[in-house]
Structures are given as structure tokens and as C-alpha cells.
Amino acid sequence: MTDTSDTSDTSTKTRTRTVFLLAHTGRPAAIRSAELVVQGLLRAGLGVRVLAFEAADLPLPATVETVPEATPEVLDGCELLIVLGGDGTLLRGAEFARASGVPMLGVNLGRVGFLAEAERDDLDKVVDRVVTRAYEVEERMTIDVAVRSNGDIVHRDWALNEAAVQKVSAERMLEVVLEIDGRPVTGFGCDGIVCATPTGSTAYAFSAGGPVVWPEVEALLMVPISAHALFAKPLVTSPTSVLAVEVQSGTPHGVLWCDGRRAVELPPAARVEVRRGAVPVRLARLHHASFTDRLVAKFALPVSGWRGAPR
């Protein structure tokens, strides 16, 4: 019998570490940033994989691996997904991260970028931390969404930030009844309802007047959009709650948007159910900066005059 243990150990040690790179190639800044990241990773001996249609826009060396299709399987064997871009690109990366289970490290090239862990000026640090594996991984809560018509589920989806039930026609409001854990709460006419995660509390739900919820808080949010009602306050529920939005018969058709990326037209009298997602999104973190500091920095909040707690 041949002993293959030594060969197995050697192959494990020499196996190339691979990082997947996703970039918004429509931006010159993203093209230059991608080039710098790829060069740094290759110099350190790591493999890099990109989508073929993005590689066509990037000045990449021949050693970079390209894959033709944007499916979760393209991340097989990758230890990390690096995403360069704005919020839309980061949410596209989150789709890959959730489906593959590979952690996502976002580099913000847009305006706010709450999902990003680094900024454009941090590219050298990003490469160094990836090469030395000096990062931690945290899980972000998602939501699962089901659309029912006449009791039957006609569509399923998910979101990292939010699921928004919105009106289609500008001239008429959407008439809805809100439900929490199988009990009705209130009904009114509105432009829509946002059902969000804590991660999404700084996105669409924030624009609609919802509260900022720290990411480590486990909760679900329900935020009305331009409601014509006296009681139309944002609601924060248990993470085990089931939220439902029932579109009333006779009201104009609505549309369901998930993370502002995937849309489906709602059938008449549709019922949209939202609950905690079964699969989280894994995010790579480079440092332990508090969410409070991140919030102040991203929104440029005025904090001059702060003295801090007495010592």
C-alpha cells in the first residue's frame, strides 16, 4: 500500500489562495482601484478570479483567472470576495456572498457605503490585511420574503437591507393593512411600506423616516412611506416576528423591490410576508471601529464640543 499522507500535506500547503474580485467597471476610479488590488494580491502569491465581462474592461495580467457566468459557483474555492464600488455594487456582491457563503469585503467608491469596510485611500491596507488574513468575519441578518395570492405563494425572495412594497402609479396611493405576528395593526393609504433589517436601517428605511438600529441589535423594522394617517409610525419588532403587508382589493397594483435590485409586480390583493432570513450575509471586518463612529463619519454628523465622560 502506498502512503499518500505526505503528498496530501504538500498539496495542501502549496495550494494557491484565491480571492474573487467584483468591481463597478463603469467607473474609472474602480478600474484603477481594481488594478492596484490585483497587482498587490498577485505580488503576494494569491490567485485572483474575476468575471469575464468585467475583465474585458480591466487592465489585468494573464495570470488572473476569468469565469464566464455570474453564478454563486464562481466563488468555489475562494476565501474572500472583494467588492469595489458604491452601494449598488456592494449589494450585488452581497448576492454572491449570501449564495456562496464566502465573506465579502467592501471598498467604498461611492458616496455613503455603509456596507463597505474600507475607502479608496485604504487599498494598500486592504491588500495587506487580506494577504495576512488579518480580518474578522461577522454575520449580518437578512430577511426572507414571500408573496401570496389567494393563499398560494407566487414569489419568494430575500434582502440584506429591505423589502419595499410600493405603489406603481404616481396619481393613486396604495391602500394597505399592516400585520405583526398574525394580528392586524393598522391600515392606511401610502406610497409604500419598507420592511428592513438593522443593516438596512441606514438605507431606504432611513430615508423614509425610520430609526437607525445598531447592526448587533436583532430586530425587524416596518417603516411607512408617505402614509396618509395619524398613526403611521415606524415599528421595531422582535427578530422572530413575521411582518405582513396586505394590499387591499381595488387598490392599484403594487410592486415589490428587494434591496432596490430585484422587482416583481404584485398581483391584485397580494399579501407580502417578511421574516428573518435563514441564510445570513458574511462580511469581512478589518478593524473594530464602533458603529457610532461609522455613523458619524458616513453622515458627517456635527460632534464638535463633545467632552466625553468625566474621568
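Residues are numbered from 1 along each chain as its sequence is written, and side-chain values use heavy atoms, leaving out hydrogens and water. Because the model is predicted, local features need pLDDT of at least 70 and side-chain atom pairs count only at pLDDT 80 or more, whereas totals for chains, interfaces and linings use all residues.

Leu 84 is part of strand S4, residues 80–85. Strands (E, at least two residues) and helices (H or I, at least four) are DSSP runs, numbered from the N terminus. Leu 84 counts as buried because its relative accessibility is 0%. Buried means under 20% relative accessible area, exposed over 50%, and partly exposed in between (1.4 Å probe, protein chains only). Beyond residues up to four places away in sequence, Leu 84 touches several others, including Leu 21, Leu 22, Val 107, Leu 109 and Leu 123. Contact means heavy atoms within 4.5 Å. Leu 174 lies 90 residues from Leu 84 along the chain, and their C-alpha atoms are separated by 37 Å.

Strand S13 spans residues 192–196. Five of its five residues are buried, so S13 is largely enclosed by the rest of the structure. In a regular strand, side chains alternate between the two faces of the sheet. Gly 192, Val 194 and Ala 196 are buried on one side of S13, and Ile 193 and Cys 195 are buried on the other.

S13 pairs with two strands (pairing requires at least two DSSP bridges). Strand S10 (residues 162–167) runs antiparallel to S13, joined by five bridges. Here Val 165 stands opposite Ile 193. Strand S14 (residues 220–225) also pairs with S13 in the antiparallel sense, over five bridges. In S14, Pro 224 stands opposite Ile 193.
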